[in-house]
Amino acid sequence: MDCGKPLVKGGKAEGLTGGTTSVKMPMPGAAVAGGLVNGHSERPEWQRGAAAQWQEERTRSIEDNQLSLPSLEAAYSSILKGLGEDPERQGLLKTPWRAATAMQFFTKGYQEKISDILNDAIFDEDHDEMVIVKDIDMFSMCEHHLVPFIGKVHIGYLPEKRLLGLSKLARIVEIYSRRLQVQERLTKQIAKAITEALQPAGVGVVIEATHMCMVMRGVQKMNSKTVTSTMLGVFREDPKTREEFLTLIKN
C-alpha cells in the first residue's frame, strides 16, 4: 500500500466529509418532498452520502467460491512455478488449494452486506451520550501488494435515540476489512455504514495499522504505523466532541 500521511494531527482528527447536525434525522426510506422528510428537514449531506453503500449487493456468493476454486488453485500453481518451485513436490502438493481457500476466507467480506447483520439489531432508546467501542481487532489485505495490514479500529457515535448492538460494530469492521482494501477507504466505509444504519448526530472512526508492505518489503520499517480517521457530523464540526472521542480512545 502507498500509505498517505495520517489524518490525526496534533491531537485533532481531520475528517473526510462533514455536514450540519442541527436538523432532526429522518427514518431510513422516508420520502423526500419539498426539502422536508415526514415534516422534518432533509437529511444533511454527510448522511445522504451513505445511502448507496447501505444498499450495495454482494459481489460474491458461497456458490461462486466453489465455482472459482479450481481456477484459483491453478493460478497459485502457476505462481509456484513462476517462483522456481515444483508444485508436485511433497511439501507443495496441497499448497495451491490451501492458498486459494485461504484467499477466499481473507476476502469473505465480498459475500456479505451490511443490511444482513444490522436489521434486527437497531433499538429505540432514550440515550444521547457518546457510545465508543475501541481496540477492535482488524485484519485486511492491501489491494496494491496482496499482503496483510493489521491493527485496531476505534469507533464512536453520538446517538439520536437509536442504538446499535455493540457486537454489530465489530461485524461492520469485519465485513469491510475482509476485502482488498486501502486503509483510508476502509475507515470511511465503516463510518458511512454506521451513519446510514443509525442516522446519529455524528460518527468518528480511527484506525491504527501496521502494513506488511512497509515491514516485509520496500522501506522495511518494522515499527511504523499508519493512522487514519473519518469524522462525520458533530465529530467533525464540534472540537469539544472530537476531543472527547480522541481522549477516550487513548485512555
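Tutor: Start with a definition: two strands pair if DSSP finds at least two bridges between them. Strands are DSSP runs of E, at least two residues long, and helices are runs of H or I, at least four, both numbered from the N terminus. This is a predicted model, in which local features need pLDDT of at least 70 and side-chain atom pairs count only at pLDDT 80 or more, while totals for chains, interfaces and linings use all residues. Residues are numbered from 1 along each chain as its sequence is written, and side-chain values use heavy atoms, with hydrogens and water left out.

Student: How many bridges join β7 to β10, and in which sense do the strands run?

Tutor: Two bridges join them, and the strands run parallel. Strand β10 covers residues 180-181. There, Gln181 is the bridge partner of Cys142.

Student: In which sense do β7 and β8 pair?

Tutor: Antiparallel, over nine bridges. Ile132 stands opposite Gly156 in β8. The β7 and β8 hairpin has five residues between the strands. Leu146 in that hairpin has a positive phi near 60°.

Student: How should I read a positive phi?

Tutor: Most residues other than glycine have a negative phi. Now this model. Asp135 is not a glycine, yet its phi is positive, about 60°. Asp135 sits in strand β7, residues 131-142. Lys161 also is a residue other than glycine, with a positive phi near 70°. Lys161 lies in the loop between β8 (148-158) and β9 (162-164).

Student: Why does Asp135 count as partly exposed?

Tutor: The cut-offs use relative accessible area: buried is under 20%, exposed is over 50%, and partly exposed is in between (1.4 Å probe, protein chains only). Asp135 counts as partly exposed because its relative accessibility is 42%. Lys161, at 37%, is partly exposed too.

Student: Where is Gly233, and is it buried or exposed?

Tutor: Gly233 is in strand β12, residues 226-233. Gly233 is buried, because its relative accessibility is 0%. Its C-alpha atom is 8.2 Å from that of Pro200, 33 residues apart along the chain.

Student: How many disulfides does the structure hold?

Tutor: A disulfide is a pair of cysteine sulfur atoms within 2.5 Å. The search of the whole structure finds zero. Cys142 is in none; its nearest cysteine sulfur is that of Cys213, 4.3 Å away.
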